[in-house]
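Q: Hey, I've just opened this one and I'm new to it. Could you walk me through it?

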Amino acid sequence: MNVFVTGGAGYIGSVCVEELINAGHTVTVFDNLSEGHRSAVDPRARFLLGDLADRELVARSLTEARAEAVIHFAAHALVGESMQNPGKYFRNNVANGLNLLDAAVAAHVRKFVFSSTCATYGVPEQMPMDETLPQRPVNPYGESKLMFERMLQWYQQLHGLEFVAFRYFNAAGASKKFGEHHRVETHLIPNVLKVALGQKEQCDIFGTNYPTLDGTCIRDYIHIVDLAQAHILALAPGKQGFFNLGNGSGYSVREVIQACERVSGRSIKAVEQPRRPGDPPRLVAAADKALRELDWRPKFPKLEDIVATAWDWHRRHPQGYRD
Ligand code: UFG
């Protein structure tokens, strides 16, 4: 298929583009490089520098690419930042995303695949979390993604746009070529590995009095190559709806740090800090629906294997991407 990928220069997008092309698809990447990196774009893809805020450019680019499917990664995605600057999240993730949605309808795109998040559930009442749980976000990031999910449902009902929305749990790891490089790094695993690499003195543990076994937050880490595979499966005709993507195992912040120590063979200094606003204590997926309906089979379910691929990439790219 001709696949139009927004955010294809970003962390998850770059690996998905690589896997799409490996699977025989033709890919156009549309990215404003605000978070992404030009050298993270697979050289086999066509690259368009553009911003989703530019409505006409989005529409023209989509038509010129003869897009049959759109995979929409481009978004702001930091829980903490969204608590400081909610407008940034609603403007980009909702308003700019709507430009893409309208362009997809006008260009008769057959399938729209959206990167949503488990942050749409807020603080869940039930664990592990399936897709039927109530969605009550506790940060503007999660709210902005939920608003887009709702728009998708209306566009499906009123314009017949077929969509798959993936609610990712915590994306981690790397492929051989592409890995995680945010200009301002706030994510746990890369920050912990920076200490192992000797680039930072210590890492932070945000909150040690959560109602969990060791007092730190629990997350479900999912390898980005496994995330990418789910997107490819979603392109098949008839696949529709909302799917959680996670491994179903939760690891605390302290357990992640220990896994990084084991994988790197280095000791990692961690400092206890206050809670970070907007963080739910525990998020663990029940991803049975994706396993059942998409025949999705994660290849890297173990945390240590996920961390090992991240460690390998960071060691080979200690400064990340050059641009
Ligand atoms: N954390 C630390 N120290 C750090 C960084 C993070 O203790 O230096 C903690 C956080 O407080 C949180 C956990 O580690 O409890 C994971 O934090 P991340 O920043 O790595 O990831 P988040 O869970 O906040 O968010 C990520 C993505 C979101 C996505 C979400 C789904 O950034 O886009 O996973 O859970 F929605």
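This is a predicted model: local features need pLDDT of at least 70, side-chain atom pairs count only at pLDDT 80 or more; totals for chains, interfaces and linings use all residues.

A chat about this structure follows.

Q: Okay, which domains does the protein chain have?
A: The assignment gives domain 1 (2-171 + 221-245) and domain 2 (172-219 + 249-316). Those bounds come from an automatic or database domain assignment.

Q: How far apart are the C-alpha centres of the two?
A: The C-alpha centres of domain 1 and domain 2 are 22 Å apart. Their contact (heavy atoms within 4.5 Å) takes 46 residues from domain 1 and 43 residues from domain 2.

Q: Now the ligand. Which residues come nearest?
A: There are 20 residues around the ligand, and Thr-117, Asn-170, Asp-204, Arg-276 and Asp-279 come nearest. A residue counts as near if one of its heavy atoms lies within 4 Å of the molecule.

Q: And which domains does that shell draw on?
A: Domain 1 and domain 2 each give at least three residues to the shell around the ligand. Strand E8 (residues 203-206) has the largest share, three residues. Strands (E, at least two residues) and helices (H or I, at least four) are DSSP runs, numbered from the N terminus.

Q: What classes of residue make up the shell?
A: Twelve are nonpolar, four polar and four charged. Here Ala, Val, Leu, Ile, Met, Phe, Trp, Tyr, Cys and Pro count as nonpolar, Asp, Glu, Lys and Arg as charged, and the others, Gly among them, as polar.

Q: Switching topic: is His-182 buried or exposed?
A: His-182 is buried, because its relative accessible area is 18% and buried means under 20%, exposed over 50%, partly exposed in between (1.4 Å probe, protein chains only). His-182 sits in the loop between strand E7 (170-172) and helix H6 (188-196).

Q: What does the side chain of His-182 make a polar contact with?
A: The side chain of Glu-185, at 3.0 Å. Another polar contact, of 3.5 Å, joins the side chains of His-182 and His-187. A polar contact is a pair of N or O atoms within 3.5 Å; within protein, one must be able to donate a hydrogen and the other to accept it, and residues adjacent in sequence count only if both atoms are side-chain atoms.

Q: Which peptide bond is cis?
A: The bond from Met-127 to Pro-128 is cis, with omega near -5 degrees. Pro-128 is in the loop between strand E5 (111-117) and helix H5 (140-159).

Q: And what's the phi of Arg-66?
A: Phi of Arg-66 is near 50 degrees, a positive value in a residue other than glycine. Arg-66 is exposed, with a relative accessible area of 65%.

Conventions. Residues are numbered from 1 along each chain as its sequence is written. Side-chain values use heavy atoms; hydrogens and water are left out.
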